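Dear colleague,

Please find below the structure that I am handing over to you.

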Amino acid sequence: MGFGSRSETMQRLSEMCCVKINRKAIEQEDHGNGNNGTAAHNHRNGGGGSKKIRGTVKLMKKNVLDMNDMKASLLDRIHELCGKGVSLQLVSAVHSDPSNGLRGKLGKVAYLEKWIRKITSLTAGETEFGVTFDWDESMGVPGAFIVRNHHHSQFYLKTVTLEGVPGHGAVKFVCNSWVYPSHRYKYDRVFFSNKTCLPCQTPAPLLKYRKEELVNLRGSGSGELKEWDRVYDYAYYNDLGKPDKGRDHARQILGGSEDFPYPRRGRTGRKPTKTDPNCESRLPLLSLDIYVPRDERFSHIKFSDFLAYALKSLGQVVLPEIYSIGNKTFNEFDSFEDVLRLYEGGIPLPSGPRFGKLKNRIPWELLKELVRNDGERLLKFPMPDVIKVDRSAWRTDEEFGREMLAGVNPVIISRLQEFPPRSKLDRAKYGNQNSTIRKEHIERNMNGITVDEAIRSNRMFILNHHDALMPYLRLINSTTTKMYATRTLLLLQDDGTLKPLAIELSLPHSQGDYHGAVSKVFTPAENGVEGSVWQLAKAYVAVTDSGYHQLISHWLNTHAVIEPFIIATNRQLSVMHPIYKLLHPHFRDTMNINALARQILINAGGVLEMTVFPGKYAMEMSAVLYKNWVFTEQGLPADLIKRGMAIPDSRFPHGLNLVIRDYPYAVDGLEIWSAIETWVKDYCSYYYTHDDLVRGDSELQSWWTEVRTQGHGDKKDEPWWPAMQTRADLIQSCTIIIWVASALHAAVNFGQYPYAGYLPNRPTVSRRFMPEPGTAEYEELEKNPDVAYLKTITAQLQTLLGVSLIEILSRHSTDEIYLGQRDDYPDWTSDEEPKQAFQRFTDRLIKIEDRIMGMNQDKRWKNRVGPVKVPYTLLYPSASDYSNVGGLTGKGIPNSISI
Ligand SMILES: [Fe+2]
């Protein structure tokens, strides 16, 4: 019997053209599991008979934190779980059942027994149950189990551990999945042990289970998806508007067209709208019941954190609005002191019936969070880092330049290689869009060198927000926004800091685009009205940069582009697949936060449109800019080379000569990139010993095809997609995915509150143009520059809304899992070598932490702290942090895009 099964396995394996690896797999099965010769001999002779196998099941009941009386309810539910309510059935990894389509033989059904103990850990409500299996020893090692939930409510199955499996010792199953009552599924819920294997290495009795599980996860492609569904499928961004409410509420469908390409989102399958059958209808605004595959939804604690912050912030906006009734000047800040009051004194809360009503709608525990200083009834934001030490250092030119290297959007600045800067916009359509900045504007300020010398010695830089914005500027300026496309030239000085030399503000020509840009050049000035004009010019640059940051650097280039990889991974790679195990931690919570974003942030009339200057054109503009997205340029070294910020040179660390040595994002980023790359290489090389295995891996090939042709389907014909034919392709692609989901997102996300929490430093909106000499606005700028500045940038209500939003987005949750950590550690795989490689990765990240802290204290590196005295910690990994504290820490690289 045993021999027969081996032959079946071998036959299956040779069919799949990877005989070599199969032998290795079989040897591992014999040796790796502690299977000694005697046990194997017993199996082959069908000896052994029935044995009891003890199992421990860890699970969590639904909504534990929502219950009023947690203890009593929990006990109720534990009792309810006992008594044949939940059954488990082991599946043999060795013997197939001819009467069941050659699926692995099933053991006898066993039921959850009495609870062993409640685990008092962070994850409240976690419970352990015992289970005893009658297992025929001749069936060999179990490789999977089937679970059936006969209760009326779901539970979260964390792990199952079998002890004393004959000849194998312990067998572990890491499940981390919601199991709904059986009647919700048309199939059995199957979980596999933590053995990692390529499709061709899968024991034959498990192959069908493996394939069927993927088919289940792909779904039928039709119908509205429900809470308990586990379906991963693709859809266009056709759910942002509400066309039934009128034209103003309709929004462009993003994705599926040449003009508006976009990465796909997770399919929800809601009904189409009446007006436009191609658009999907929306849920009510405050409903958070958006479908995402069940296991992608926030875990309990995380979600309640998110809700608390979200509702608190909503309160911080709604409440002042109520308060503003009767306060005529509410929508303008009168002075910078007025702005500071948001952080220092707080804004008094109103009382009265409207507040009472709001109170009734919010659960008490969230209200405590909402009104942080309950006794004083004051609304107060935390002090943003950028003004913590010095209230006015943000205004300096040095800080303005430094934030391009170490702020929240350090991914735009590039080395200037031709002067004057040229536009890449189509001349036939947009006329002459080249820069009007001339040498005479800037050379007097260049510490004695000429423009040509500065370019030759790699000292000229540009923050270029011209070409991206210009095509949309006419439309944007037809709203209340009054904005310019901007170019900022900077000089690298001997001390490593950047000195701004000129800012060019450009508008479309009033007589039509093909007449070219109308531009004005502004140069630094410290005093008088010229000084105020220069401050305003810098503010316009900050507005373009903050809009581009939020829409492109943050939303599009991290949140949106990762979602298709998550969908494809779950549809095409089995949980047993090594690449699934490699990438899965980097996908945690992303589909859910993106779904919430579509619901309340990026939708028509949502927070993004209200707070970011492109307003209702914001998402459409991001689709146009997705045309420039190139997967292989998302890795840090390629990005730095493309922007001219690094020159390939093998004499330098990581093979790159950074043209600005004190470029904190690049310096720390390359360390992190290299650590990720080494880890991915070590890991992939263990499973793919040669390129043929990459080519012959059916799941991997389907996965990559789907990423290209469906997930990023609007880019399917791009020549730059790695062909996924070699180990190098695989390592490069996985390194990029992990980099984008972890470090890149952290770099552009968690600095939002520290830098933009104080809106004057990074305003999101401009409401009027630069005052012209001779006008009343110019006179005001001369007499009262602060008032003029505040009247130009984001207004008070928008500020409150924007600051509330970025306060949420900049927070680390209390159950954050940082790069170099895994929540399924140490049982995520049964393979020792990959575990050791992961430990090396963690150790290296901890060393990088020390290095970053050391550099931040070293006075030579002026850009790491700057005039505002905010050390660069956005790429501090926090791999050593297990504190579960979370909050506005300004440091830490979570594994995934979760906020
Ligand atoms: Fe984010």
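In this message, a residue is called buried when its relative accessible area is under 20%, exposed when it is over 50%, and partly exposed in between (1.4 Å probe, protein chains only). By that criterion, buried residues account for 60% of the 899 residues in the protein chain.

Please note that this is a predicted model, in which local features need pLDDT of at least 70 and side-chain atom pairs count only at pLDDT 80 or more, while totals for chains, interfaces and linings use all residues. Residues are numbered from 1 along each chain as its sequence is written, and side-chain values use heavy atoms, with hydrogens and water left out.

The overall fold comes first. The protein chain has 29 helices and 21 strands; helices (H or I, at least four residues) and strands (E, at least two) are DSSP runs, numbered from the N terminus. Contact here means heavy atoms within 4.5 Å. Among contacts between residues at least 6 apart in sequence, 75% join residues at least 24 apart.

A nonpolar core is a set of buried Ala, Val, Leu, Ile, Met, Phe, Trp, Tyr and Cys residues joined through side-chain atoms within 4.5 Å. The largest one holds 184 residues, of which Ile579 and Trp703 touch the most other members. Helix α15 supplies the largest share of this core, 20 residues. Another core, of 37 residues, lies apart from it and includes Val86, Val91, Leu112 and Met576. Beyond its neighbours within four places in sequence, Trp703 is in contact with residues including Phe565, Thr569, Ile579 and Met724. Thr569 is itself part of helix α15 and is buried, at a relative accessible area of 1%. Helix α27 (residues 785-792) has buried residues too, among them Val787, Tyr789 and Leu790; the buried residues of α27 pack against α7, α15 and α26.

The model also contains an iron ion. Its donors (N, O and S atoms within 2.8 Å of the metal, or 3.2 Å for Na, K and Ca; water is not among the atoms, so sites may look incomplete) are His554 (NE2), His559 (NE2), His745 (NE2), Asn749 (OD1) and Ile899 (O), at 2.1 to 2.4 Å. Of these residues, His554 is buried at 4% relative accessibility, and His559 is buried at 5%.

Turning to charged residues, a salt bridge is a side-chain nitrogen of Lys or Arg within 4 Å of a carboxyl oxygen of Asp or Glu. The whole structure has 48 salt bridges. One of them joins Asp692 and Arg695, with the closest N and O atoms 2.7 Å apart; both residues lie in helix α22, 3 residues apart, about one turn of the helix. Another joins Arg768 and Glu780 at 3.1 Å, N to O. Arg768 lies in the loop between α25 and α26 and Glu780 in helix α26, so this pair ties together parts that are 12 residues apart in sequence. Both Arg768 and Glu780 are buried. A network of salt bridges links Asp239, Arg265, Arg270, Glu280, Glu563 and Arg598.

Finally, the structure holds 0 disulfides, a disulfide being a pair of cysteine sulfur atoms within 2.5 Å. Cys197 is in none, and the nearest cysteine sulfur, that of Cys200, is 8.9 Å away.

With kind regards
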